[in-house]
Amino acid sequence: MDASVYPVPSVAAVRIGDEIHALAAEIYPICRSITGAGVRETLRLLGRHIDLEQHAVPTGTRVFDWRIPREWTIRDAFIRSADGRRVLDFKASNLHVVNYSMPIRRYISTVDLKRHVFTLPDQPDLIPYRTSYYEPDWGFCMSQRALDAMTDDTYEICIDSELADGHLTYGEYVHAGETEREFLLTAHICHPSLANDNCSGLALLTLLARNLVARRTRHTYRFLFAPGTIGSLAWLAANEERVPLVDHGLVVSCVGDAGGPTYKQSRRGNALIDRAMAHLVSHLPPNGKAIPFSPYGYDERQFCSPGFDMPVGLLQNSAFGTFPEYHTSADDLDFIRPEHLERSYRLIMDAIEIVETDRRPVNLLPKGEPQLGRRGLYSKLGGSGPGAAMPMLWVLNLSDGAHSLLDMAERSGLHYRLILDAADVLEAEGLLSSGE
Ligand code: ZN
């Protein structure tokens, strides 16, 4: 067996990719922001699959150095030419409005309007995604081509939005395990119609949570769907006493494109989740890689701030900002594919497998090698070639009570699953005690 090749997906696993894509497609059209109806509607749709609890934090609530902002509502927006034609229409794409724009309705000279219009001159057919959460402002986003086609001297503009006291909403789902030790899985829910960033992460984690329901686990699994930055801060502010219970965590975003996978380590760099993910992505050639922590990115910035320093890393396929579709209208449902979503799903499931099963077994016959052939152990691991016995030989050799299964996988270069299977067989045969 070539240990560098990832195990072939099962039929059931192929189907999960389609399922994740379908759920991502369902939430894709919604105009989300850090607050407002879009987040609640998204949580409602995700809540059809899991018993998702919605938490509402009122405007003005202090969360560390931040305050929950006013709630943003958007109904319509357009730029209209003198002949009555909408040259920009929010109903065609919710990226057309700078997210969190203040309301405005007036006639404006094209020269003045252009100061509030964002385009991508190098990608002239794409609409950029822009926000203005904490600076009161307004603006439009459009393709460079559409802007170039605007030849009138004045236009009528309208952003039918509202900023009013309300709530920030986040969703939480807990799968209770045998212990209170937690695995936190989280995805940001604040982007409008962008598929990879982050309908992919929201849909994947929702269906993963659903599939965990039937499974007994040692850890408690907490799923958090919160608006970027302010949402994770709101959760942290309300759950400070839970932070020490979190042994492992993953921020999940951009998990549907063909790149990567890319795992960004937690600030600690050597947490079990860091080692587990680095191991797993190293078995996904040619592009799987682990990169060191940096204080820029998604919500790992908050979880890994020095006052918390949680063991929380970031899983992505292509790293944010490195793909040309990033934060543009090209990040659509064609950009994410079921097979990539499925690979990401399996990767997280494998990480869960590691934290659930990792242990330090002890070889009960450590003097010399036990006679494997007499016990029929070669055939139990389903192989006869010279490589087939390697997982067993590594496990027997390193089962001194000091090495964990993950240590063995790292040292042998064999996929954790092969090491785990070998350990299970050897334990069943009475050659190994399971250790701790
Ligand atoms: Zn983003």
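Buried means under 20% relative accessible area, exposed means over 50%, and partly exposed lies in between. The model shown here is predicted.

Q: Why is Asp 309 called partly exposed?
A: Its relative accessibility is 22%. You will find Asp 309 in the loop between α8 (300-303) and β16 (312-316).

Q: What makes the phi of Asp 309 worth a remark?
A: Asp 309 has a positive phi of about 45° although it is not a glycine. Tyr 100 is not a glycine either, and has a positive phi of about 85°.

Q: How do you know whether Tyr 100 is buried or exposed?
A: Look at its relative accessibility, which is 3%. Buried means under 20%, so Tyr 100 counts as buried at 3%. The loop between β5 (86-89) and β6 (104-109) is where Tyr 100 sits.

Q: Why does His 283 count as buried?
A: The relative accessibility of His 283 is 6%. With the limit for buried at under 20%, His 283 therefore counts as buried at 6%. His 283 belongs to the loop between α7 (272-282) and β15 (289-291).

Q: Why is Pro 285 called exposed?
A: Pro 285 has a relative accessibility of 56%. Exposed means over 50%, so Pro 285 counts as exposed at 56%. Pro 285 also lies in the loop between α7 and β15, and the peptide bond from Pro 285 to Pro 286 is cis, with omega near 5°.

Q: How do you know which residues coordinate the zinc ion?
A: Donors are N, O and S atoms within 2.8 Å of the metal. His 191 (NE2), Asp 197 (OD) and His 327 (NE2) coordinate the zinc ion at 2.1 Å, so these atoms meet the cut-off. His 191 and Asp 197 are both buried. From Asp 197 to Asn 198 the peptide bond is cis, with omega near 20°.

Q: What share of the chain counts as buried?
A: Of its 436 residues, 56% count as buried.

Definitions and conventions
Residues are numbered from 1 along each chain as its sequence is written. This is a predicted model: local features need pLDDT of at least 70, side-chain atom pairs count only at pLDDT 80 or more; totals for chains, interfaces and linings use all residues. Side-chain values use heavy atoms; hydrogens and water are left out. Helices (H or I, at least four residues) and strands (E, at least two) are DSSP runs, numbered from the N terminus. Buried means under 20% relative accessible area, exposed over 50%, partly exposed in between (1.4 Å probe, protein chains only). Donors are N, O and S atoms within 2.8 Å of the metal (3.2 Å for Na, K and Ca); water is not among the atoms, so sites may look incomplete.
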